[in-house]
Amino acid sequence: AEMASVGPSAASTQPALPSGPAVFKTIPYAFILPEIVCGTWVWILVAATSVSLPLLQGWVMYVSLTSCLISLLLLLSYLLGFHRNSENWKVLDSLYHGATAILYMSAAVLQANATITSEFGPNAPLNYQLNCAASFFAFLTTFLYILHAFSIYYQ
């Protein structure tokens, strides 16, 4: 009986997962809202261009829109406390943000390529500027997803 009370249980040493408004004050979960906002800017800006390279920018739109929706669902689940402080949510969160960071990096590189190509295309000044802004937000969103994925391990 004495052996059981020697050390604290593993569950009590782990920090609790945030629920409700605490999500916006806790790193890395506070990154979710900026990820959604920046990702939304990516697909709005790409949609505002003439999308002269549909194969490249189609992937950018797919990644940004899908990531935006899944991140929104994840944020809502944290706000409503669906995780019930389960450690599996940390693994799910880390895997999702790590995989999304890789997909977003591919989308950001493709968007940068589309930006270079649009410099002398139709409606060149406007489309080029929109594509530049979309590239900036794509790389910024990639950085946010990377920060989120890695900062889970440094809590």
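How many helices and how many strands does the secondary structure of the protein come to? It comes to five helices and zero strands, in the order α-α-α-α-α along the sequence. Helices (H or I, at least four residues) and strands (E, at least two) are DSSP runs, numbered from the N terminus.

This is a predicted model, in which local features need pLDDT of at least 70 and side-chain atom pairs count only at pLDDT 80 or more, while totals for chains, interfaces and linings use all residues. Residues are numbered from 1 along each chain as its sequence is written, and side-chain values use heavy atoms, with hydrogens and water left out.

**Whole chain.** Colour by accessibility: of the 155 residues, 39% count as buried (under 20% relative accessible area; exposed is over 50%, partly exposed in between; 1.4 Å probe, protein chains only).

**Annotated spans.** Select residues 29-53, 59-82, 94-114 and 134-154, which an unreviewed UniProt entry annotates as "transmembrane region". UniProt positions are given in the numbering used here, feature names are shortened, and annotations may be inferred rather than shown by experiment. In residues 29-53 the end C-alpha atoms lie 35 Å apart, and the span is 68% helix and 0% strand. Residues 94-114 are 100% helix and 0% strand, with end C-alpha atoms 30 Å apart.

**Helices 3 and 4.** Next, select residues 54-80 (helix 3) and 87-117 (helix 4), whose axes come within 9 Å and cross at roughly 155°. Axes are lines fitted to C-alpha atoms, for helices over the stretch in contact, and angles run from 0 to 180 degrees between N-to-C directions. Helix 3 and helix 4 are therefore roughly antiparallel (over 145 degrees; under 35 is roughly parallel, 65 to 115 roughly perpendicular, the rest oblique). The crossing is left-handed, meaning that the near helix is turned anticlockwise from the far one by less than a right angle; clockwise would be right-handed. The contact residues divide into 14 nonpolar, ten polar and one charged (Ala, Val, Leu, Ile, Met, Phe, Trp, Tyr, Cys and Pro are nonpolar, Asp, Glu, Lys and Arg charged, the others, Gly among them, polar).

**Aromatic rings.** The structure holds six aromatic pairs: rings of Phe, Tyr and Trp (its six-membered ring) with centres within 6.5 Å, planes under 30 degrees apart being stacked, over 60 edge-to-face and the rest tilted. Select Y96 and Y145: their ring centres are 6.3 Å apart and their planes at 80°, so the pair is edge-to-face. Y96 lies in helix 4 and Y145 in helix 5 (residues 124-151), so the pair ties together parts 49 residues apart in sequence. Y96 counts as buried at 15% relative accessibility, as does Y145 at 1%. Finally, select W41, F136 and F137, which form one aromatic cluster.
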